[in-house]
Amino acid sequence: MVKTKTLGQPMFIGGRWVHSDDVVHVYDPQDNTLIDTVPAASKQQALKALELGETGARVAERMPTHERISVLSKAARYIEENFEEYALVIARESSKTIREARKEVGRCIETLKLSAEEARRLQGETIQFDQTASGEGRTGYFYRFPVGLIVAITPFNDPLNLVAHKVGPAIAGGNAIIVKPALTTPLSALKLAEAFEAAGLPENVLTVITGRASEIGETLTTHPAVRMVTFTGGLETGQRIARQCGLKKLSMELGSNSPVIVLKDALLDDAVEACVSGAFWAAGQNCLGVQRIFVEESVYSQFVDELVARTGKMQLGDKLREGTDMGPLILEQEACRVEEWVSEAVSCGATVKIGGTRRGNYYEPTILTDVPIRCRIAKDEVFGPVVSVFPVANLDEAIALANDVDYGLQAGVFTENIEKAFQAVHRLKVGGVLINDSTDYRLDAMPFGGVKGSGIGREGVKFALQEMTEPKVVCFKLGLRH
Ligand code: NAP
């Protein structure tokens, strides 16, 4: 049953629900109605959260593995039991439709279950010290220990599962974690804290502190007690955080303008279907979203016609209506920015094949052709429902254009030719290549992350767990002589 509540959601500092003198208003982006308020944490509250987090790190490292597994499993179960409530929180505060929100809740449950499993599998290795003469008479191993206090900064577009991708592995690895969710979508992260509270996570191991990065971002990321900053968000913010946070472990999951290559032997229907879903999922506000499609010349016109026809069937509208395919952008200023980028491309010679109109926060699913590659929409991350299609002579040209950007998260390739698929796999400069799929595919257990401006390090529970722990070598000098 959906609970009704009054406005004034507190934040979760060290295991207690607390308010602040100042608040941030959380609006539903489709009609700008006020959903709730959350505290705008002060710098003093951020410092208090850090102090409690230091205590929490000592608690977390002493939590036996079976307790970590139990808490993570119980949190997953709590979300399962309250599935629809979680989906509604996402669908109201973010741009996602209710169907997209349900998918995210399902993935969050999976992420937490995986974290419980990976806690069990956190392993070291024995070391053959006698592989050199100087190591003779020694024996030993390494094991992995927690990094300590982690600060996680998260974006608006997957407000629950991307937080779970940081909290789950942090707890599995025996760390304490402080999460600062995006200003626009803090409620889903607070709902995640509710699940961990219900699961019996010890106090001070988890904090979800809400508020403005301009007020608390630097305090959280620069504090010497923080041993790792794990960030998901835009390239510019990532660069700023990397500059400000000093000597700490860094994990950066940044943006992209992902390419899909469609060769002439591809199954075009499959390619069209996957590209429409990949370009317009979450109104294009998706780090994996398809932004650039390179199609071999002989099938280019047919592909564009079919892509336009399929896009024309998309239903925009009320996010809570079951039939809606696409919701609004997170803020009207974001929709205006997308409109401006499309206008710039059109003024340089691009053609709008479908879409291209804004109504408030909504921007129609839009397909562009004839886009000059110097335009922002061809080079930067649009983070909106706009996809550009380019004809290419062959795979070589497609790969060269796909790689000719500052990003490299994932790439998709549609072909029935195994030789060409392998060529693409080896030559695309990205963190993942999807053969016969769009870029918008992620298994929560797979290593996920990018190269170049798309980031540093990998998430995906097992891989985040490696980043959130350090190897400690143990060597016994036994003095044994054979
Ligand atoms: P954003 O503007 O970069 O903000 C992300 C987070 O950083 C927010 O919580 C923001 O807080 C905080 N922040 C901003 N400045 C900060 C500072 N100086 N110190 C500490 N924190 C700071 O990103 P967004 O618009 O929310 O999200 C969209 C971006 O995320 C896109 O580029 C997308 O590709 C990327 N993304 C990447 C992945 C991935 O896994 N690779 C996944 C999802 C999204 P405030 O909200 O308070 O400003």
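**Helix packing**

Mentor: The axes of helix H3 (residues 83-93) and helix H4 (residues 98-121) come within 8 Å and cross at roughly 125°. This is a predicted model, and the description below should be read with that in mind. On the H3 side, the contact is made by Phe83, Glu84, Tyr86, Ala87, Leu88, Ile90 and Ala91. H4 contributes Ile98, Ala101, Arg102, Glu104, Val105, Gly106 and Ile109. Sorted by class, this contact of H3 with H4 has 10 nonpolar residues, one polar residue and three charged residues.

H4 also packs against helix H5 (residues 161-172), at an angle of about 15° and with the axes 9 Å apart. Angles under 35 degrees count as roughly parallel, and H4 and H5 are therefore roughly parallel to each other. The crossing of H4 and H5 is right-handed. In this pair, Glu104, Arg107, Cys108, Thr111, Leu112, Ser115 and Ala119 of H4 meet Asn161, Ala164, His165, Gly168, Pro169 and Ala172 of H5. By class, the contact of H4 with H5 has six nonpolar, five polar and two charged residues. Glu104 of H4 takes part in the contact with H3 and in the contact with H5.

Another pair is formed by helix H2 (residues 65-81) and helix H6 (residues 187-198), whose axes come within 8 Å and cross at roughly 125°. That angle makes H2 oblique to H6. H2 passes H6 in a right-handed crossing. The H2 residues in the contact are Val71, Leu72, Ala75, Tyr78 and Ile79, and they meet Leu192, Glu194, Ala195, Phe196 and Ala198 of H6. This contact of H2 with H6 has nine nonpolar residues, no polar residues and one charged residue.

For Thr154, a backbone N or O atom lies 2.8 Å from an oxygen atom of the ligand. Leu183 has a backbone N or O atom 2.9 Å from a ligand oxygen atom. A backbone N or O atom of Gly234 likewise lies 2.9 Å from an oxygen atom of the ligand.

Note on methods:
Residues numbered from 1 in each chain as written. Predicted model: local features only at pLDDT ≥ 70, side-chain atom pairs only at ≥ 80, totals over all residues. Heavy atoms only, no water. Axes fitted to C-alpha atoms, helices over the stretch in contact; angles between N-to-C directions. Helix = DSSP H or I, 4+ residues; strand = E, 2+ residues; numbered from the N terminus. Contact = heavy atoms within 4.5 Å. Nonpolar A, V, L, I, M, F, W, Y, C, P; charged D, E, K, R; others polar. Polar contact = N/O pair within 3.5 Å; in protein donor to acceptor, adjacent residues only side chain to side chain. Parallel < 35°, antiparallel > 145°, perpendicular 65-115°, else oblique. Left-handed = near helix turned anticlockwise from the far one by under 90°.
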